[in-house]
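Please look over the sequence and the structure shown below before reading on. The report after them is meant for someone meeting this structure for the first time.

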Amino acid sequence: MHANKPENFYQNVTEALAQPDLKMIIRRTTDKAETKRAEAIANFPEFEKARQQGQKVKDHTIKYMDHYLAEFEKNAAAQGTIVHWASTGEEASKIVLDICRQHEAKKVTRSKSMLGEEIGLSHALDNSGIERVETDLAEHIIQLAGDPPSHIVWPAMHRSREDVIKLFREFHKDPTYSEEITDLVRSARRDLRTKFLTSDIGISGSNFLLADSGSSCTVTNEGNAELTITPPKVHIVTAGIEKLVPSMAHAVPLLRLLTRSATGGEITQYITFHNGPKRPNDADGPEECHIVLVDNGRTKMLADGMEEMLRCIRCGACMNHCVVYKHIGGHAYGSVYPGPMGSVLTPHLDSLKVANKQTHACTLNGRCEEVCPVNIPLPKLLRALRAESWQKKYEPLTNRYVVKAYAQLAKRPRMFQFVSSCGVVFMKLFSRQGWIKSMPFTGGWTRNRDLIEPESKTFMQQYKASKKAKSSGGR
Amino acid sequence: MSEKNSNADTESVQSNTIECLNISEKRVGFFVTCLVNTMRPSVGFASITLLEQAGCNVEVPELQSCCGQPAFNSGDDEGTRQVAYQTIEQFENFDYVVLPSGSCAGMIKKNFVEVFKDDSEWLQRAQNLADKTYELLSFLVDVCNFEPENVEFEGSYTYHDSCSGYRSLGVYEQPRKMLSKVKGLDHKPLNGHSECCGFGGTFCVKYSDISNEIVAEKTENVLATEADYLLGGDMGCLMNIAGKLNREGHTEIEALHTAEVLAGLATEIVGAKNARK
Ligand code: SF4
């Protein structure tokens with residue numbers, strides 16, 4: 001599958017809507033996610049409190065980012081971890097590649113990391129000739145298929161079981177001929193096991209970075225992060241600077257929110273805190289540990305008044321509950337992060353110029369904000385990006401003219417009412433039996449639905465007439 | 001009730017009930033909204049009837065236009081301000097401002113202040129207006145303690161909660177409470193009652209095809225209720241859902257604004273419509 005580009009959003013949407021099974025495939029995952037999340041929240045009476053706490057923790061850490069970054073660096077270094085700083089995605093990828101080259105790595109294992117996708121690490125590794133092994137089951141599937149991820153929690157949700165059967169038969173060394181899910185999982189496990197043990201370097205992301213201990217926390221269901229990190233000699237973490245929290249105690253409310261919002265689980269199978277390289281008496285663990293802290297537009301978001309977006313814990317709830325995402329799917333957005341959170345993030349990671357159309361692909365219905373576990377006002381942020389885009393004149397000229405003409409008219413109530421009454425007369429010309437099937441200037445509307453026929457006179461015309469009649473009758 | 005608003009709403013309901021004691025001494029400014037003005041004036045007259053039944057002293061300023069959402073949602077802050085200036089001037093001296101639409105009421109209540117962040121004088125005036133602005137159905141119940149009397153309307157209805165009414169203003173119980181007093185009317189719950197219908201103002205023309213997929217799902221749910229009427233509190237959603245139903249050839253169900261039913265106008269409207277057919 002080719003990777004869509006954010007600037008081709010209109011075309012991507014048309015292609016997505018033309019795929020006959022896409023909606024069914026998306027729904028299979030998002031409907032279940034919605035139900036399970038709702039159940040989890042219903043069984044979590046402290047949800048509202050946890051959400052406020054989570055928001056506070058994030059806001060506090062973001063506000064004192066410099067302090068906590070310094071503390072994290074100091075404590076990580078004290079454990080023997082080597083801390084690197086990258087201001088762009090490219091820089092971050094280069095740091096990782098340099099470490100790989102230093103160690104003459106031929107094979108690297110990777111556990112799922114959206115940040116890894118964001119900084120283009122997959123491509124960078126592939127281009128450098130190093131064998132890249134994705135160890136998360138869904139990432140494994142899309143690696144075999146050559147797809148970009150379509151969701152931040154379930155990156156392979158766009159692939160059906162039939163697709164997976166085909167892919168595994170084609171690529172696994174010792175494939176299964178059963179179509180049972182357990183057998184398919186076993187097949188993947190067989191294939192990955194040997195690779196875990198022969199990997200030169202393990203690369204992971206991080207869900208939380210704890211400033212007071214310098215450790216990094218991973219949250220998974222498959223245990224693949226642990227197997228990615230422990231056997232190889234070298235471990236590299238890539239993490240966005242917004243992953244920072246002051247301490248373990250601060251990570252806990254966020255963890256509780258994360259698992260429930262993402263999968264509806266109270267907890268995942270594996271939550272591991274990684275504390276630097278192997279110590280003298282440890283049975284296993286990497287000999288060398290690196291953490292690459294990535295900015296890539298994040299401090300600029302702070303400066304641009306988008307700091308609320310830095311609270312995001314990548315749970316995916318906003319996309320699971322988004323009416324637009326549920327119809328067009330993740331690939332249409334043309335970026336690593338799809339859905340509401342992606343439409344806010346992509347303009348900062350890429351540029352608003354290429355990703356402004358996505359900010360308009362939203363009815364501002366507020367469902368995403370309602371479910372977001374850290375209270376991110378996504379509709380407000382999307383609207384703010386539209387305002388920025390308007391100021392920078394990125395909007396198509398026709399849209400600008402129509403909106404400007406509207407505002408010029410609406411600020412003059414008499415004119416506005418006059419034009420409204422003319423509109424009624426005009427619409428009446430095209431009405432048949434109470435409905436308008438099509439008429440000039442309403443293409444966007446009547447393309448897919450009919451327009452009700454207006455009454456003969458506007459409210460204001462009728463109201464004024466009745467007031468006049470009343471007052472002359474009273475005289 | 002939306003997850004987030006529940007606490008705030010109970011508070012506002014309580015404080016408002018105290019004020020409702022002498023509603024007849026208060027001046028209520030009625031903002032018609034542009035969709036009601038052009039497409040469905042009967043909703044405006046029904047609203048005035050209800051407000052007067054509730055004892056309000058209603059005035060309709062003649063110099064009014066639109067709440068400004070098309071500019072605001074497009075990101076045109078300057079255009080929004082231009083529209084907002086005159087709305088604030090026209091309405092700020094009323095005791096209450098009422099609109100027969102959750103989304104337009106939400107615009108004044110929540111969004112005007114967004115565009116006046118850098119102008120302290122107008123920010124103050126926008127906030128003052130926001131504080132006394134209400135969506136019609138919630139105003140009738142929360143502030144006026146209104147209950148419709150002797151209203152009859154035969155049939156069953158299902159209810160679509162508009163996103164701005166439901167999520168941003170916490171309108172949910174109020175219309176249902178009043179409709180339960182209408183004789184002859186049965187409620188058939190709508191699956192996904194608060195899911196967006198895909199209208200979204202300019203969204204439905206800009207992204208007509210996505211909007212179409214969303215509204216198709218809504219009409220499916222609406223039809224599954226087998227109700228005779230689809231009711232709601234926002235003309236935008238109602239026009240969108242009704243327009244899609246008609247395009248699909250479903251004439252068995254009719255969309256009406258809740259105010260039309262509560263004011264006893266629905267029988268006439270349905271009758272007039274059937275006569276035209
Ligand atoms: S924006 Fe909120 S709901 Fe969406 S992924 Fe981030 S934390 Fe989750």
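What follows is a short report on a predicted model, arranged by region.

## Domains of chain A

Chain A is divided into two parts by a domain assignment, with domain 1 covering residues 39–299 and domain 2 covering residues 401–474. The centres of these two domains of chain A, taken over C-alpha atoms, are separated by 57 Å.

## An open sheet in chain A

In chain A, four strands make up an open sheet with mixed pairing, and their order across the sheet is β8-β5-β6-β9. Because β8 (244–245) and β9 (270–274) of chain A are the edge strands and each has a single partner, one side of each is left without a neighbour in the sheet.

The partner of β9(A) is strand β6 of chain A, residues 215–220, and the two pair in the antiparallel sense over five bridges. Within this pairing, T220(A) stands opposite Y270(A) in β9(A).

## Surroundings of the ligand

The ligand is surrounded by 13 residues, of which the closest are C312(A), C315(A), G316(A), C318(A) and C372(A). By class, the residues of this shell comprise eleven that are nonpolar, one that is polar and one that is charged.

## A buried helix in chain B

Helix α8 of chain B, residues 136–143, is largely enclosed by the rest of the structure, because eight of its eight residues are buried. Among them are L136(B), F139(B) and V143(B), and also S138(B) and D142(B).

At the N-terminal end, α8(B) is capped by E135(B), which has a side-chain oxygen 3.1 Å from the backbone nitrogen of L137(B). After the helix comes N145(B), whose phi is positive, near 55°.

Terms used: Residues are numbered from 1 along each chain as its sequence is written. Chains are lettered from A and ligands numbered from 1 in the order in which they are written. This is a predicted model: local features need pLDDT of at least 70, side-chain atom pairs count only at pLDDT 80 or more; totals for chains, interfaces and linings use all residues. Side-chain values use heavy atoms; hydrogens and water are left out. Buried means under 20% relative accessible area, exposed over 50%, partly exposed in between (1.4 Å probe, protein chains only). A polar contact is a pair of N or O atoms within 3.5 Å; within protein, one must be able to donate a hydrogen and the other to accept it, and residues adjacent in sequence count only if both atoms are side-chain atoms. A residue is near a molecule or strand if one of its heavy atoms lies within 4 Å of it. Ala, Val, Leu, Ile, Met, Phe, Trp, Tyr, Cys and Pro count as nonpolar, Asp, Glu, Lys and Arg as charged, and the others, Gly among them, as polar. Domain bounds come from an automatic or database domain assignment. Two strands pair if DSSP finds at least two bridges between them.
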